[in-house]
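Biologist: I would like to go through this model term by term. Please give the value behind each word you use.

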There are 2 protein chains.
Amino acid sequence: MPMAANIEQRPVIGLMLGDVTGIGPEISTRLLASGTLKDVARIAVIGDARVFELGCADAGVKPPWRAYEKVSAIDWSRTEIPVVDLRNVDPAKIRRGEMSAESGRLSGDTLKHMIDLALAGEIQGISFAPLNKRALHEGGWKFPDEHQMFAALTKHEGFFGEMNVIKEFATFRVTSHVSLREAVNLVSPQRITAAVRLADATLKANGIANPRIGVAALNPHSGEGGLFGDEEITMIRPTVDELKADGINCTGPISSDVIFVKAVKGEYDGVVMMYHDQGQIATKLLGFNKGVTVTAGLKTVFTTPAHGTAYDIVGKGKADTGALEHALRIAARMASACAKEAGKVK
Amino acid sequence: MPMAANIEQRPVIGLMLGDVTGIGPEISTRLLASGTLKDVARIAVIGDARVFELGCADAGVKPPWRAYEKVSAIDWSRTEIPVVDLRNVDPAKIRRGEMSAESGRLSGDTLKHMIDLALAGEIQGISFAPLNKRALHEGGWKFPDEHQMFAALTKHEGFFGEMNVIKEFATFRVTSHVSLREAVNLVSPQRITAAVRLADATLKANGIANPRIGVAALNPHSGEGGLFGDEEITMIRPTVDELKADGINCTGPISSDVIFVKAVKGEYDGVVMMYHDQGQIATKLLGFNKGVTVTAGLKTVFTTPAHGTAYDIVGKGKADTGALEHALRIAARMASACAKEAGKVK
């Protein structure tokens, strides 16, 4: 993709420093200090300046930074890292390197604040360093997962979903955080259509002009011609055929134990899976902890590294910034594509 | 394990040359010509001598061999490869490098003959070079899979199952070739118990004194404390606890997307999975085509390379013998363990 010609064309991405108990502040500050994303996005840190300083100390970096009251006040012609200081998290009061419900509550508060900024058009995308999901839940943000939290807070209606990005390909889900029994019941032509269209649109927003999408089977051996279940015959194949006829570059159904072997060889840009573990077994084996999780299909893009808060290495200055950088690049790319799309519509 | 002290103590393993259309004859003859398994088992080729000769030509080997009418006639003090010549497959009449229902029918006939030999006590284990499963089916051996064929032909009653062996670990199944919906319905304390006990016994028969067995969850995130399904709470954990109390070294339930990451790091000798694709997604990504499939739990052990007939390289002399060698070693080991066990009982 062409680089933004001038600073005003680069999307504004809000970066949340992650749970203060974990490695989030450290990887955020080290990455920002490197300046590597300057040409890609205008990144505004949104959180508490004391957490930002803590991250700098963890990372052993001293980048110039400047506190602001609000995003709209940021002077983007200046070179310091802008930190919108919410003054809501005092690191001195939270024990690090372990789960804290209080910290989870504050993480949720900060995310809520950022979502309001996005809805007001002040930021075009949200990236967040690792959160502790149990902390978020115990802190009172009681959603089955953060994607459903974001959908609720952005008042989204309709299909949306988690995209998991690894080096070789990205996965999309027809069903996600439900029991396997319920997943089987939920698989329908409507949901398959929605998931494949979401995959297509999201991969296009990521700069792939004609994404190749593999659609997984539900049953072993793709149902073995109807012998082990008929969803492939009654639902998946007809839906894939319809979507193909409508111009989407999709193929399927493809057996679970074949589709990821093909995907890892580069045959697909995206894999649409019928149930959570179908894709997670594969991506976790293929190094998903270096990957990125995206909430796709909402008006605002949300991205985060797939790895966690890594309590065992907090404050040791050795956490890797690769996945967070990737998460920010995806947020910037998708926010730009979205802005371009909106420009077309106007 | 100690090596068999003398030739009589080595188990007699019947080796079927596989589908004549594929690479089976070539890898069988090349492996036997190498003599590498001489100290492990007494291997009797059971099939057609013309197919054996064809394999030698494919492999470019000329090992000394000797035809016999029946296994009981074999003089094991001789050094030639013994070939029990069934005179049932004329390679001149079958086109190679493609699926042939006629060849499938003959493969089934040969397996049936070998099963009768095993039931009569003339051979202690059966290994077979790659078969074409569709050919077997179209040739009239209409079973959902070969394991069910072997169970039916050996008149087995009770639980049995497929074991898939890769370098790092082996998998066992609570359910197998049924729809995902039926798999969810079939998971029960009885089946979990049977599968874990089968894993334990089979791994012990493979020389692992105290096998470490990981038991997979059924639902995503292991049910997330009952939020996404309760089989982990109502069934899997209590069953695992009971088995542990009974001396089996098992752990679980462990989430699908965690258990294989642990297994590949060496934490388990065996993984018991709830449904077919749970394990197959993982093992196929981890190079299962170099692995071995075992039919476990029947009176006779059956082993075969996990890879197929490889029609694209038939007759080119480049097929690898590694997986077939591994399959024969497992058959020999399990047949020996079984004989030892039988000795104890008497």
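Biologist: How do you know that the copies meet through the same surface?

Modeller: This is a predicted model, and in it 100% of the interface residues of chain B are interface residues in chain A as well, so the surface is the same for both copies.

Biologist: Why is A:Phe302 called buried?

Modeller: Buried means under 20% relative accessible area. A:Phe302 has 1%, so the term applies. The residue is found in strand S12 of chain A, residues 301-305. Its contacts beyond four places in sequence include A:Ile115, A:Ile126, A:Phe128 and A:Phe150.

Biologist: What makes S3 and S9 of chain A edge strands?

Modeller: The open sheet has 12 strands in the order S3-S4-S2-S1-S5-S12-S11-S6-S7-S10-S8-S9 (chain A), with mixed pairing. Strands S3 (65-68) and S9 (250-254) of chain A each have a single partner strand, so one side of each has no neighbour in the sheet.

Biologist: How do you know that S1 and S5 of chain A pair?

Modeller: Pairing requires at least two bridges. Strand S1 (residues 12-16) and strand S5 (residues 125-128) of chain A have four, in the parallel sense. In this pair of strands, A:Met16 stands opposite A:Phe128 in S5(A).

Biologist: Which strands does helix H3 of chain A lie across?

Modeller: Helix H3 (residues 101-119) lies across S1, S2, S5 and S12 of chain A, and runs at about 170° to S1(A).

Methods. Residues are numbered from 1 along each chain as its sequence is written. Chains are lettered from A and ligands numbered from 1 in the order in which they are written. This is a predicted model: local features need pLDDT of at least 70, side-chain atom pairs count only at pLDDT 80 or more; totals for chains, interfaces and linings use all residues. Side-chain values use heavy atoms; hydrogens and water are left out. Helices (H or I, at least four residues) and strands (E, at least two) are DSSP runs, numbered from the N terminus. Buried means under 20% relative accessible area, exposed over 50%, partly exposed in between (1.4 Å probe, protein chains only). Contact means heavy atoms within 4.5 Å. Axes are lines fitted to C-alpha atoms, for helices over the stretch in contact, and angles run from 0 to 180 degrees between N-to-C directions.
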